[in-house]
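Hi everyone, thanks for making time. I'd like to walk you through a structure that may be new to you, so please have a look at it on the screen.

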Amino acid sequence: PIEEKGIIINSKTMLPLSNVARTLQALVKWDSATETAFIYKPNVHITLFEMIKDKISGPFGNVEYKGKYDFVIFTQVDSLLTEVSSIKVTMEDPYGKEVVSENKELTKDQKNNFWFGTPTITHLFKYTGKYTVKFYMKAGDGPYSLVSEKVIQSYSQK
């Protein structure tokens, strides 16, 4: 991400709104009619469930290096005070390469309190380290904003 420095004007610190929102993992919406920017921080919970024989086995967050797992990513969102047009879930390997991506357009009844679950994902965790699950929201026609993350730790038994 691009990092911009803040400035001090009349003893007040001015910070780039995009940096503040990124740090808070929040959405920024611009109202051109009033020339006002708003920051919205939804309450987002990500839970990972291992699937065994097409049934939820239980939550997990640690996996064995070179282990192949079937799992689903469930995300619960509430306290969303602005409209969101779509959501996206990704998972990155320890080297930052995106290895999973699911997105969905939202309907009117899913705007402020909803659950989202991915289809079953089968993944071979071929590296040790942190795999990062990221949840994004898009407000209107704007870009996706990261609003929550969860880490899956891949470890070696050695």
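Let me start with a question: what percentage of the residues of the protein count as buried? Out of 158 residues, 37% do. Keep in mind as we go that this is a predicted model.

Now the overall picture. We have 1 helix and 14 strands here. Taken along the principal axes, the C-alpha atoms fill a box of roughly 60 × 40 × 20 Å. The accessible surface comes to about 9900 Å², and carbon and sulfur atoms account for 50% of that. And if you take contacts between residues at least 6 apart in sequence, 60% of them join residues at least 24 apart.

Okay, let's zoom in on strand S8, residues 68-78. Of its 11 residues, 8 are buried, so this strand is largely enclosed by the rest of the structure. Who are its partners? Strand S5, residues 43-52, runs antiparallel to S8, and 8 bridges join the two. You can find Asn 43 sitting opposite Asp 78 there. Then there's strand S12, residues 121-124, which pairs with S8 in the antiparallel sense over 4 bridges. Look for Tyr 69, whose bridge partner in S12 is His 123. Strand S11, residues 114-117, also pairs antiparallel with S8, over 4 bridges. In that pairing, Phe 74 has Gly 117 as its bridge partner.

Next, the inside. A bit of background: in soluble globular proteins, nonpolar side chains tend to be buried together. In this model, the largest nonpolar core has 28 residues, and the ones touching the most other members are Phe 135, Met 137 and Ile 152. Which elements give two or more residues to this core? They are S5, S8, strand S9 (86-92), S11, strand S13 (129-138) and strand S14 (144-155).

Setting aside its neighbours within four places in sequence, Phe 135 is in contact with a whole list of residues, among them Val 44, Ile 46, Val 77, Val 89, Phe 116 and Leu 146. Lys 88 and Ser 145 are on that list too.

Apart from its neighbours within four places in sequence, Glu 98 is in contact with Thr 90, Met 91 and Glu 92. Glu 98 has 44% relative accessibility, so it counts as partly exposed. From Glu 98 to Ile 87, 11 residues away along the chain, the C-alpha atoms are separated by 16 Å.

Last stop, the surface. Leu 17, Leu 24, Val 28 and Ile 39 form a nonpolar patch there, with about 280 Å² of accessible area together. Leu 24 belongs to helix H1, residues 17-24. At 45% relative accessibility, Leu 24 counts as partly exposed, because the exposed class begins over 50%.

Note on methods
Residues are numbered from 1 along each chain as its sequence is written. This is a predicted model: local features need pLDDT of at least 70, side-chain atom pairs count only at pLDDT 80 or more; totals for chains, interfaces and linings use all residues. Side-chain values use heavy atoms; hydrogens and water are left out. Buried means under 20% relative accessible area, exposed over 50%, partly exposed in between (1.4 Å probe, protein chains only). Two strands pair if DSSP finds at least two bridges between them. A nonpolar core is a set of buried Ala, Val, Leu, Ile, Met, Phe, Trp, Tyr and Cys residues joined through side-chain atoms within 4.5 Å. Contact means heavy atoms within 4.5 Å. Patches are made of residues with over 30% relative accessible area and no salt bridge: like charges are joined within 9 Å, nonpolar side chains (Val, Leu, Ile, Met, Phe, Trp, Tyr) within 5 Å. Accessible areas come from the Shrake-Rupley method with a 1.4 Å probe; for residues, only the protein chains shown count as cover. A salt bridge is a side-chain nitrogen of Lys or Arg within 4 Å of a carboxyl oxygen of Asp or Glu.
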